[in-house]
Amino acid sequence: MVDNAAVQDMTDVMTKFTAYIGKRLPTDVKSKLAELRGNEKNEMANVIYDSMAENQDAADKLNRPSCQDTGVIQYFVSVGSKFPLLGELEAILRDATLGATKLGPLRHNAVEAFDEKNTGSNTGSRIPWLDWEIMPGEDSATIEVYMAGGGCTLPGASTVLMPGQGYEGVVDFVFDVITSRGVNACPPLLVGVGVSTAAETAARLSKKAILRSVGSHHPNPKAAKMETLLEEGLNELGIGPQGLTGSSSVMGVNIESSARHPSTIGVAVSTGCWAHRRGRIKFNSDLTYEILSHEGVVL
Ligand code: SF4
């Protein structure tokens, strides 16, 4: 028997949280932007960092989205097999997207493939995009909301290297992507790298990588070292905020990996932009919740 009141409660929270994510950046991103601004010596770059901060303040005061591009709304769900609304979550998140589109308001960004029609609701076939991980025996649900912009994370790239290309091939691929289409996104970027066995597994992991906090590290020390070296190398490019030169190119590089087939190295890159609109919320089985990505939120 479905508890309709509980479904409505969770839909209301997810509606407000999704709309909120469009307006206020997560705490780790705000801190990193302030740190990069503090270290920047280039005058033009500092003007841009200041205008980014003003943009955020204005979005907050006017209660409006901080970027015109809603992106495509994606939910990454880690849900326990005993979470009471497991079977209702897909409908809850779809309704939350519809509600957030009105509440935000959020620009309409879902175009049905082949029909080439904007649905006018930010929903459509398989949109919002849902990514599922089931946690056996658990009774909570942690949901990442991500607004994947048309300039930033959606034009990701993925390939499969031959084993002889090794980890040098991974580095080459990351630099090729960032120096070609990387500046389509508004820098400084959070670069997600997936190292895996196939194009699609690496692509998924590269997206998971940009959901991780800025400044966090891969648990394997060799992968963590590669994150640091890639960050230093990409910063030496001096792409700067909005791609107009400066001391930094990136907010960081996060790598996620899996074991791989001995004859392939799948590698993928997803880039988050400076307006990296993601949020993490954890629901307990009684639907009390905690917002993990932003400080001091009142929905
Ligand atoms: S890259 Fe980010 S900040 Fe720039 S337009 Fe896209 S969503 Fe907005």
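A residue is taken as near a molecule or strand if one of its heavy atoms lies within 4 Å of it. By this criterion, the residues around the ligand are Cys67, Gln68, Cys152, Ala185, Cys186, Cys273, Trp274, Ala275 and Arg277. Seven residues of this shell are nonpolar, one is polar and one is charged. Here Ala, Val, Leu, Ile, Met, Phe, Trp, Tyr, Cys and Pro count as nonpolar, Asp, Glu, Lys and Arg as charged, and the others, Gly among them, as polar.

The model is predicted; local features need pLDDT of at least 70, side-chain atom pairs count only at pLDDT 80 or more, and totals for chains, interfaces and linings use all residues. Residues are numbered from 1 along each chain as its sequence is written, and side-chain values use heavy atoms, with hydrogens and water left out.

Helices (H or I, at least four residues) and strands (E, at least two) are DSSP runs, numbered from the N terminus. Two strands pair if DSSP finds at least two bridges between them. Ser78 has Thr142 of strand 5 as its bridge partner.

Axes are lines fitted to C-alpha atoms, for helices over the stretch in contact, and angles run from 0 to 180 degrees between N-to-C directions. Contact means heavy atoms within 4.5 Å.

Helix 1 (residues 4-21) also packs with helix 4 (residues 89-103): their axes come within 8 Å and cross at roughly 45°. That angle makes helix 1 oblique to helix 4. Angles under 35 degrees count as roughly parallel, over 145 as roughly antiparallel, 65 to 115 as roughly perpendicular and the rest as oblique. The crossing of helix 1 and helix 4 is right-handed. A crossing is left-handed if the near helix is turned anticlockwise from the far one by less than a right angle, and right-handed if clockwise. On the helix 1 side, the contact involves Val7, Met10, Thr11, Met14, Thr15, Lys16, Thr18 and Ala19. These meet Leu89, Ile92, Leu93, Asp95, Ala96, Gly99, Ala100 and Leu103 in helix 4. By class, the contact of helix 1 with helix 4 has ten nonpolar, four polar and two charged residues.

A further open sheet has four strands in the order 6-9-7-8, again with mixed pairing. Strand 6 (157-161) and strand 8 (250-257) stand at the edges with a single partner strand each, so one side of each is left without a neighbour in the sheet. The twist averages 15° from one strand to the next. Strand 7 (residues 189-196) and strand 9 (residues 265-272) pair in the antiparallel sense over seven bridges. Leu190 stands opposite Gly272 in strand 9.

Helix 5 (residues 166-180) lies across strand 6, strand 7 and strand 9, and runs at about 30° to strand 9. The axes of helix 5 and helix 7 (residues 221-236) come within 11 Å and cross at roughly 35°. Their crossing is right-handed. Helix 5 contributes Tyr167, Val170, Val171, Val174, Phe175 and Ile178 to the contact, and helix 7 contributes Met226, Leu230, Gly233 and Leu234. Nine of these residues are nonpolar, one is polar and none is charged.

The axes of helix 2 (residues 27-39) and helix 3 (residues 43-62) come within 9 Å and cross at roughly 155°. The two helices are therefore roughly antiparallel to each other. Helix 2 passes helix 3 in a left-handed crossing. Leu33, Leu36 and Arg37 in helix 2 meet Asn46, Tyr49 and Asp50 in helix 3. This contact has three nonpolar, one polar and two charged residues.

Most residues other than glycine have a negative phi, and most peptide bonds are trans. The peptide bond from Gly104 to Pro105 is cis, with omega near -10°. Pro105 lies in the loop between helix 4 and strand 2 (111-112). The bond from Pro187 to Pro188 is also cis, with omega near 5°. Pro188 is placed in the loop between helix 5 and strand 7. Glu116, a residue other than glycine, has a positive phi near 55°. Glu116 is found in the loop between strand 2 and strand 3 (117-118).
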